[in-house]
Amino acid sequence: MALLIVAVLITLAAWVASGRARQTSRGPARGTSRRRPAPRPPGGTARPSGGVRPSSRTARGGTRTGAAGGERTGPQPGEIWWADVPYEDGPGHKVRPCVVLRTYRGGAEVLKITSQDRSDRPDHIEIPTRTWDQSADHNSFLDLTGPVRVPSASFDDRAGTLDPRVWRQVCRLHEISPN
């Protein structure tokens, strides 16, 4: 009987540890820390997927594309950016990839991207990920529900551009012209 109890306890401990390891590799669980992350180190943008990417941030909060003479551009419709996106259903926010839907003075409306499999949901569509995140091992899913407003200062790093076929589909659904 004692041997059975020990075996159950070992199995339970392994199960809890593996759950924490998976949670840690994806960042904090949604209900845990909703505080703003610590300030980022100069010259790099910390990302949840690990590693540090070179910062494209300028001193005034805009982004620099490398154009001669310091031409500033910010997020544009159809682009994928890493941004500090507020939660829609409560306080807090999370650094995550998102697609810029529309821009406005001082910010943009975005659609969130998740790496979690949402293939069973009609309000999400699968998008190719490796074109903008070389470390990805599977495609992501774009949340087509309501856009989220994100201030300009919350955009960290341009990751790439949404697949043109998917962008046209998004434009039809949200009644915008694809440019």
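What percentage of the 179 residues of the protein count as buried? The buried share is 34%, where buried denotes under 20% relative accessible area, exposed over 50% and partly exposed in between (1.4 Å probe, protein chains only).

**View 1. Overall architecture of the predicted model.** This is a predicted model, in which local features need pLDDT of at least 70, side-chain atom pairs count only at pLDDT 80 or more, and totals for chains, interfaces and linings use all residues. Residues are numbered from 1 along each chain as its sequence is written, and side-chain values use heavy atoms, with hydrogens and water left out. The protein comprises 2 helices and 11 strands, taken as DSSP runs (helices: H or I, at least four residues; strands: E, at least two) and numbered from the N terminus. Their order from the N terminus is α-β-β-β-β-β-β-β-β-β-β-β-α.

**View 2. Contacts and accessible surface of the protein.** Of the contacts (heavy atoms within 4.5 Å) between residues at least 6 apart in sequence, 56% link residues at least 24 apart.

**View 3. Surroundings of T129.** T129 lies in the loop that joins β8 (124–127) to β9 (140–143). T129 counts as buried because its relative accessibility is 2%. Leaving aside residues up to four places away in sequence, T129 touches A136, H138, N139 and S140.

**View 4. Cysteines C98 and C171.** C98 is buried, at a relative accessible area of 0%, and C171 is buried at 2% relative accessibility. The whole structure contains 0 disulfides, a disulfide being a pair of cysteine sulfur atoms within 2.5 Å.
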